[in-house]
Amino acid sequence: SRASFTNDCSLVFTARTKEDSDGYSTGSTFFLPCLMKPRCALEELARTIFRAHVDSLEGWEETGKDGEKKLLYDPERSGAEWWTL
């Protein structure tokens, strides 16, 4: 819900205006591992966006050895980095 997003944003917002001499603004980023259950509305949004990008990689590829198959991405090492502005 909108209230969940607003509340989550107020809890995690850390972005700060960059100084003229800085290359980037400061603040924190967050990472949701592919296999982890989202803990809040923002993590659920990050997971939805991540899934939209990897859905086309859901197919299997042949590795050639004994007909073994594997995903086209590694769920153990994949996930979504996200932040608020």
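Select helix 1 (residues 2-12) and helix 2 (residues 41-54). Their axes come within 8 Å and cross at roughly 100°. That makes helix 1 roughly perpendicular to helix 2 (65 to 115 degrees; under 35 is roughly parallel, over 145 roughly antiparallel, the rest oblique). Axes are lines fitted to C-alpha atoms, for helices over the stretch in contact, with angles from 0 to 180 degrees between N-to-C directions. Helices (H or I, at least four residues) and strands (E, at least two) are DSSP runs, numbered from the N terminus.

The model is predicted: local features need pLDDT of at least 70, side-chain atom pairs count only at pLDDT 80 or more, and totals for chains, interfaces and linings use all residues. Residues are numbered from 1 along each chain as its sequence is written, and side-chain values use heavy atoms, without hydrogens and water.

Now show the side chains at the crossing. Helix 1 brings S4, F5, D8, C9 and V12; helix 2 brings A41, L42 and L45. Contact means heavy atoms within 4.5 Å.

Next, select strand 1 (residues 30-33) and strand 4 (residues 79-82). The two pair in the antiparallel sense over four bridges; pairing takes at least two DSSP bridges. Pick P33: its bridge partner in strand 4 is G79. Which residues form the covered face of strand 4? A80 and W82 do, while G79 and E81 form the uncovered one.

Last stop: M36, in the loop between strand 1 and helix 2. M36 is partly exposed, at 27% relative accessible area (buried is under 20%, exposed over 50%, partly exposed in between; 1.4 Å probe, protein chains only).
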